[in-house]
Every structure is written in structure tokens, then in C-alpha cells.
Amino acid sequence: MAVFRQIYTSFWTDPKVQEEWTPEDKFFFILLLSNPQTTQIGVYQVTKKQLAFWMGYSEESIRALMDRFINHHKCIKYNPDTREIAIKNWGKYNLTKGGKPIIDLLNKELKEVKDVELIKYVIPSIEKSDIRKIFEDYYETARNSDSYDTSTIRERVVPRYGDNNNKNNNKNNNKNNNKNNNKNNNNNKDDSVVVDNIKRYFDLESKDIEKIIDVFIHTGRGNDYLEEKLRLVKNTDGVKSITGYLIKALEEDYKPIQSKFNKNKFHNFNQTFGQYTDEELKNMATRGQLEESKFG
């Protein structure tokens, strides 16, 4: 861990930063570049709770910012299982010098990365060829080694609901067997697709995704239903717990509420007159005509 990190002044003159980034975006990215957990390789372990503490924001705000940087700005990747983050262009600005001390440090920090796919994410930004080769060689060696763990969040979650190889035959676990049966009865609920759908909308911990999948399976509904509820939660302001609200939305079939910004002056017409029968509306109209003729 270095005592200091370099931040180039060109950051503030970058057209994309100037025109597209909010003040919160700039604050958050500076934190990602310079917090105490950062490493020389641009991949490091950090929790949302730590980021929230340093920024003075809520964890929910940090989740929203991370989602924005992963899916909108597309300049970081985050593994919620290993709690490791990778900064896309780190190598362009921070891996410009060589020498034995630097190389030794890079080799040490590369070995500490749990998700080596994050190393691959950083490689394209490394312009210095000898340093780039260190990253490439380590990635290929780690990836081809017998001990390389290729499991991702998807593969960790799927076996609980989609293990068709009878790995749990010797376990007396009716709950897991019921989940497998549910999946067999609902072919459209491929867990990898479900996980992908959830992660497209929210950067959630694996335990939260498992809870959501559990509830979703028991609804007996298709992926379109899940997609509808994900959009609903995404477009709902002030949600304190994404996981909790999404679970309630799935269980109780929450429906989207029309935004007040999309209303026109006739928006409540159906709501107002829908509460009366045809006969009642006819009587109201007749009374109105009589009153008009009385004072006309």
C-alpha cells in the first residue's frame, strides 16, 4: 500500500468528466483512485461500508454510485463475492515506470488478487510493454493452473437451484430438492439468466441475490415478471433496501405508479368517473340539466 497516489490534473479537463459526471461522480472516483485500500496494480479489495464511511454517504448511495460507474460510465468492475474492484484505465496513468522495486511489488500484489478476471480488465490500459507483459503472463499462468478457481457469482448461486448432477443425493436436504424440482417445472427460470437479469439492474451481494431467486422461484412466474419488478424498483425513488423492496414487489405483485411528471390534465378522469355506475352518471347529468334550466 502506497502512502500517496497520483491524480492527473487532466482529470478535471476531460470533456466526458466535465459534461457527463455529477459532483458525486467526481468525488467518488477520486476516492476510488486514492483511498487507503488502493494498490499499484489497480485491483484491490474494498467494501461498500468502507466507501460509505470515507465519503460520509449511506451504503445505498454507494450502491447507486457503483452501479452508475459499472453500467453507465463503464470504468470499473466489481466482484461482490471477493469484494474486489478494478479500475479500467489505472494502467494508463499509474503503470508508467519500471525497475526492480516496481516489478517486485506488482508480482506481490498480483498474487493477492482473488478474481484474476479483474486483472484481465486492467491489462488493455497498460501502455508500457514490459509491465503489460507481467500482467499478461501472470493472468495466463493463473488461469491455466490447476488451482485456478473459475467460479463466479453465477456459478456459486446456480448449484443451489440447478444442480442436475445429483451432487446432493447423499444429503438429507428437502429444501434444496424442492428448489431443484421447482426449476425443473419452470424451464424458463434458468438461474444463470435470472442472476444476469438482477445484476443488469443492481450490484447486489451474492446472499441477497440468492434470497431474491428463492422468492422468485416460489412465485411460479416467468422471467418477464422478474424483469417487470426489477424495472419497478429501479424507477422507484427513496428505496432504502433494494433487496427487501424487490422481494415484497415479487411476493405482492407491486405495480408501477404513474409518474406525476407524465400526467396531463385528464390523468384522473378514469379514476374519478370509474367509481360511479352508468345509472348514477345519468342521474348526475339529469340533475345538472335541471339546475341549469332553473337559473338560465
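**Burial and overall make-up**

I looked up burial to begin with, and found that buried residues, meaning those under 20% relative accessible area with a 1.4 Å probe and protein chains only, make up 37% of the 296 residues in the protein chain. I note that this is a predicted model, in which local features need pLDDT of at least 70 and side-chain atom pairs count only at pLDDT 80 or more, while totals for chains, interfaces and linings use all residues. Residues are numbered from 1 along each chain as its sequence is written, and side-chain values use heavy atoms, with hydrogens and water left out.

I then listed 16 helices and 3 strands in the protein chain, taken as DSSP runs (H or I of at least four residues for helices, E of at least two for strands) numbered from the N terminus.

**Helix α12**

I followed α12 through residues 206–219 and found that its 14 residues reach 20 Å from first C-alpha to last, close to the 20 Å expected at 1.5 Å a residue, the expected span being 1.5 Å times one less than the number of residues. Its buried residues include Asp208, Glu210 and Asp214, as well as Ile212, Ile213 and Phe216. After α12 comes Gly220, with a positive phi near 70°.

**Helices α6 and α8**

I compared the axes, which are lines fitted to C-alpha atoms over the stretch in contact, with angles from 0 to 180 degrees between N-to-C directions. Those of α6 (residues 100–111) and α8 (residues 129–144) come within 11 Å and cross at roughly 25°, so I noted the two helices as roughly parallel, a term for angles under 35 degrees. In the contact, Ile103, Leu106, Asn107, Leu110 and Lys111 of α6 meet Ile131, Ile134, Phe135 and Tyr138 of α8.

**Helices α2 and α4**

I found that α2 (residues 23–34) and α4 (residues 59–72) have axes 11 Å apart and pack at about 90°, and they are therefore roughly perpendicular, which covers 65 to 115 degrees. Their contact is made by Glu24, Asp25, Phe28 and Phe29 of α2 with Ile62, Leu65, Met66, Arg68 and Phe69 of α4.

**Glu127**

Is Glu127 buried or exposed? I found Glu127 in the loop between α7 (117–122) and α8, and its relative accessible area of 61% makes it exposed, a word used for values over 50%. Between Glu127 and Thr96 I noted 31 residues in sequence and 7.4 Å in space, C-alpha to C-alpha.

Note on methods
Angles under 35 degrees count as roughly parallel, over 145 as roughly antiparallel, 65 to 115 as roughly perpendicular and the rest as oblique. Contact means heavy atoms within 4.5 Å.
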